[in-house]
Amino acid sequence: MKKTGKSLAAACLAAVLAVSALTACGSKSPAGDTAATGTETTAAGAENAAAGNEGEKKVLKVAMECSYAPYNWTQPTDGNGAVPISGSSDFAYGYDVMMAKKIADTLGYELEIVKLDWDSLVPAVQSGKVDCVIAGQSITSERLQSVDFTEPYYYATIVTLVKSGSKYENAASVADLAGATATSQMNTIWYDNCLPQIQDATIQPAQESAPAMLVALSSGRCDLVVTDKPTGQAALIAYPDFKLLDFTGTEGEFKVSDEDINIGISLKKGNTELKEAIDGVLAAMTEDDFNRMMEEAISVQPLSE
C-alpha cells in the first residue's frame with residue numbers, strides 16, 4: 001500500500017491515490033450465487049439477469065480500495081488499460097485490476113470496478129453488493145469465518161520501512177527494532193501480528209489506510225511501519241528518504257504463517273461455482289507470472305513516471 005507525504009511527490013500521490021481512503025442485496029450474480037437483503041435486487045443481479053436474456057456478457061463486480069498501490073490505485077485516465085470506476089469519472093489500475101481483467105476476460109465477463117474503503121470490503125461481498133473482492137487481502141482464519149477465498153493470487157513478503165538516517169536504518173533483524181515507535185494499517189497482519197513481535201515497541205493506534213500509515217512515518221510520528229514488499233517498494237518512489245528492511249529468510253525475520261502472507265480473492269460464502277471458476281484461472285498461472293505482473297504494476301504506478 002503506497003501513498004502520500006510531505007514532498008511534492010508524496011502530495012501528488014495523496015491526490016491521486018488517497019482519493020478514497022492490506023470489501024446490497026441480490027438476485028443472480030456471476031456463477032449463480034444468490035444473495036438478498038430485504039426485497040431489493042443488486043445491480044449485479046439485475047445486470048446479469050438482463051444479460052442472460054439478451055445474450056450479452058454478464059458483469060463481474062469487483063471491489064477494491066483504489067488507493068493501495070501497487071495493488072490498486074485511482075488515476076484520471078484509462079492509461080495502461082485502466083478500468084472505469086463505477087459511478088465515477090476516474091479509473092482504477094494496479095495489480096488487482098490487472099488480475100481482475102484477466103479473470104473477467106478468461107471467464108467471459110464484463111468487468112466493473114467498485115471503489116470501497118478497506119473496512120467495507122468484506123461486508124460488501126457478504127451482502128452481495130459485489131461478486132468478489134480483489135484488494136490484497138491476506139487469507140486469514142478470521143476472514144475465513146466471514147467469506148470464502150480462492151487460492152492465492154499473490155504471495156507477500158513482510159518488510160519494514162524506516163527513514164534514512166534513523167537509528168534503525170541498519171537493523172538486520174526484528175530484534176534490532178527493539179524500543180521503536182511503530183504503526184501500520186488497521187485490520188492487517190502487519191499491525192495485529194507483526195508489530196507485537198518487536199520487543200518493547202511503542203505501538204501507536206492503527207492507521208485507517210496505507211497512505212495514512214506512510215504519512216505517519218514521513219512526518220516523524222513513528223520510527224517505522226511494517227507492510228508487505230510490493231507496498232514498500234512502491235512507497236520508496238513516493239518517499240525517497242525511506243529505507244526498506246527485509247529480514248525474510250534470516251533467523252531474525254518476522255514470524256508469520258502461510259495465512260499471513262498468502263493473498264486471495266474473497267467471495268460470499270457458498271459461492272462455489274464462481275470460486276472454482278476463478279481458481280481455474282489462477283491454476284493456469286505460476287508464481288513467476290504473479291511476480292511479473294506485480295513488477296509491471298510497480299513500474300506504471302502514478303509516481304513511477
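I began with helix α10 (residues 272–283), where Lys275 and Asp279 both lie, four residues apart, about one turn of the helix. Helices (H or I, at least four residues) and strands (E, at least two) are DSSP runs, numbered from the N terminus. The model is predicted: local features need pLDDT of at least 70, side-chain atom pairs count only at pLDDT 80 or more, and totals for chains, interfaces and linings use all residues. Residues are numbered from 1 along each chain as its sequence is written, and side-chain values use heavy atoms, with hydrogens and water left out.

**Entry 1: salt bridges**

I noted that the side chains of Lys275 and Asp279 meet in a salt bridge at 2.9 Å, N to O. The term stands for a side-chain nitrogen of Lys or Arg within 4 Å of a carboxyl oxygen of Asp or Glu. I then checked burial, where buried means under 20% relative accessible area, exposed over 50%, and partly exposed in between (1.4 Å probe, protein chains only). Lys275 has a relative accessible area of 22% and is therefore partly exposed, whereas Asp279, at 14%, counts as buried.

I searched the whole structure and found five salt bridges. One of them joins the side chains of Asp241 and Lys163 at 3.8 Å, N to O. This pair links distant parts of the chain, 78 residues apart: Asp241 is in the loop between α8 (229–238) and β13 (242–245), and Lys163 is in strand β9 (residues 158–163). Asp241 is partly exposed at 31% relative accessibility, and Lys163 is partly exposed at 24%.

I also recorded the salt bridge between the side chains of Asp289 and Arg292, at 2.4 Å, N to O. Asp289 and Arg292 are separated by about one helical turn, because they are three residues apart in helix α11 (residues 287–300). Asp289 is partly exposed, with 22% relative accessibility.

**Entry 2: strand β14**

I asked why strand β14 is largely enclosed by the rest of the structure.

I next looked up the partners of β14, counting two strands as paired if DSSP finds at least two bridges between them. Strand β6 (residues 132–138) pairs with β14 in the antiparallel sense over four bridges, and Gln137 has Gly264 as its bridge partner in β14. Strand β7 (residues 148–149) is joined to β14 by two bridges and runs antiparallel to it; here Phe149 stands opposite Ser266. Strand β8 (residues 154–155) is also antiparallel to β14, over two bridges, with Tyr154 opposite Ile263.

**Entry 3: the sheet of β2, β4 and β3**

I found three strands in an open sheet, in the order β2-β4-β3, with antiparallel pairing. Its edge strands are β2 (73–75) and β3 (83–84), each of which pairs on one side only. Three bridges join β2 to β4 (residues 91–93). Trp73 has Tyr93 as its bridge partner in β4.

**Entry 4: second largest pocket**

I asked which residues line the second largest pocket. The lining consists of Ala156, Thr157, Ile158, Phe247, Thr248, Glu253, Phe254, Lys255, Val256 and Ile261. On a 1 Å grid over the protein atoms alone, a pocket is an open set of points where a 1.4 Å probe fits, with protein on both sides within 12 Å along at least five of seven lines; lining residues have an atom within 4 Å of a point.
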